[in-house]
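Here's a quick briefing on what holds this fold together. Have a look at the sequence and the model, then work through the notes.

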Amino acid sequence: MEYKMILIMYIFCSSKSIIYGSGNQTAKARKNNHFGIKMLSSVRHDEQNVYSTGLFDQQEKRQTVMLEFCKSNFSSKIMDDHMIYSDTESLLYCYIPKAACTTWKRMFQLFDGKMDLNQIMAVEKNAVHKLHYDNFTSLDDAQKDFRQKNFYSFLISRHPFERLLSAYRNKFRDPYTTHYQKSYGSKILRLYRKDLKEEQYMKGEGVTFQEFIKYVISGKPFDKHWRPMTQLCSPCQFKYKYLGKMETLFEDANAILQNTGISQKFIFPSNSRDRYKPISTTEMKKQFLSLKTSEIRKLYNIYKDDFLAFGYTLPYYIKKLIKV
């Protein structure tokens, strides 16, 4: 009864803002003995079936930008642990940390019936990532290829510099846990501060944004929370059917669920944002203009592929500063 009421409210609200065309979904039961998995259903997903005109044009533009980028760029290997799939819903998702991945991971718990809505929404944010998800790490090449060819695939990107600031805020300035402060924070303080006590180095608290950026551009190995998005999901190696963005999260999420027919059973939670306030232009400007011009230029070069592949541009106050 609860899900019916939620669905009715969703249809009523969404009909006022976005008009979707109807799409055909062909369901057919199958058993795939070759891969040793039982597919409860296999849905043929039409890439263009339920977009509003605006979303369709937007998606066409994103795919075109990606194709142009991939003409002159190499394909890095897909990171198997980031490729989450649902055999139940024939869905494949490459998750990018700091780009709504917590909410989408909650959704995959629902898709596979591991938890109901109330249960998964009650799970603390940091604990969501410790739950079990089916991913490519346990599959052989044939099983991966099967899902890449037959499942509806998508990813959600985010402005590279905003994602970077979000990672700093979430892991160092105001963290959920002390893990990153004690690991990366401790290393950063030892590199850039020489007047602290051993106890302070051990805690790793108080890392500034400037110190964090120095560490990022120093050539040290990337953590997944600030690793370039193109290196996590390799969009030139594998063409995703839908390229979503954090900036249009709810519109894209609704389109993905509509396109796959999943919206008949589940909706994307409108209260999915965490306790952090959205990053404002004022905060972006304050933090990035506190950096040296040479540091910003190095930073842009590191994330240049992300800017080009996903169609992002530099904020005007940075663009005029480094003149790119």
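Lys265 is partly exposed at a relative accessible area of 46% (buried means under 20%, exposed over 50%, partly exposed in between, with a 1.4 Å probe and protein chains only). Its salt-bridge partner is Glu89, with the closest N and O atoms 2.6 Å apart; the term covers a side-chain nitrogen of Lys or Arg within 4 Å of a carboxyl oxygen of Asp or Glu. Keep in mind that this is a predicted model, where local features need pLDDT of at least 70, side-chain atom pairs count only at pLDDT 80 or more, and totals for chains, interfaces and linings use all residues. Residues are numbered from 1 along each chain as its sequence is written, and side-chain values use heavy atoms, with hydrogens and water left out.

**Salt bridges**

- Searching the whole structure turns up 12 salt bridges.
- Glu89 sits in the loop between strand S3 (83-86) and strand S4 (91-94), and Lys265 in the loop between helix H12 (249-260) and helix H13 (281-288), so the pair ties together parts that are 176 residues apart in sequence. Helices (H or I, at least four residues) and strands (E, at least two) are DSSP runs, numbered from the N terminus.
- Arg169 pairs with Glu283 at 4.0 Å between the closest N and O atoms. Arg169 belongs to helix H7 (residues 160-173) and Glu283 to helix H13, so this contact joins parts 114 residues apart in sequence.
- Arg169 is buried at 8% relative accessible area, and Glu283 is buried at 16%. Arg173 joins Arg169 and Glu283 in a network of salt bridges.
- Lys149 and Asp145 make a salt bridge too, at 3.1 Å from N to O. Both lie in helix H6 (residues 141-150), 4 residues apart, or about one turn of the helix.
- Lys149 is exposed at 61% relative accessible area, while Asp145 is partly exposed at 32%.

**Disulfides**

- The count is 2 disulfides, taking pairs of cysteine sulfur atoms within 2.5 Å.
- Cys70 and Cys236 have their sulfur atoms 2.0 Å apart, and their link is left-handed, with -90° about the S-S bond. Cys70 is in helix H2 (residues 53-71) and Cys236 in the loop between helix H11 (229-233) and S6, so the bond connects parts 166 residues apart in sequence.
- Cys94 and Cys233 also form a disulfide, with a sulfur separation of 2.0 Å. The torsion about their S-S bond is about -95°, so this disulfide is left-handed.
- Cys94 lies in strand S4 and Cys233 in helix H11, so the pair ties together parts 139 residues apart in sequence. Cys94 is buried at 0% relative accessibility, and Cys233 is buried at 0% as well.
- Counting bonded cysteines along the chain, the pattern is 1-4, 2-3.

**Strands S5 and S6**

- Strand S5 (residues 152-157) and S6 run parallel, paired over 4 bridges (strands pair if DSSP finds at least two bridges between them).
- Ser157 stands opposite Lys245 in S6.
- In S6 (residues 242-245), Tyr242 and Gly244 point one way, Leu243 and Lys245 the other, and all are buried.

**Whole chain**

- The protein chain has 15 helices and 6 strands.
- Of the contacts (heavy atoms within 4.5 Å) with a separation of 6 or more, 72% are between residues 24 or more positions apart.
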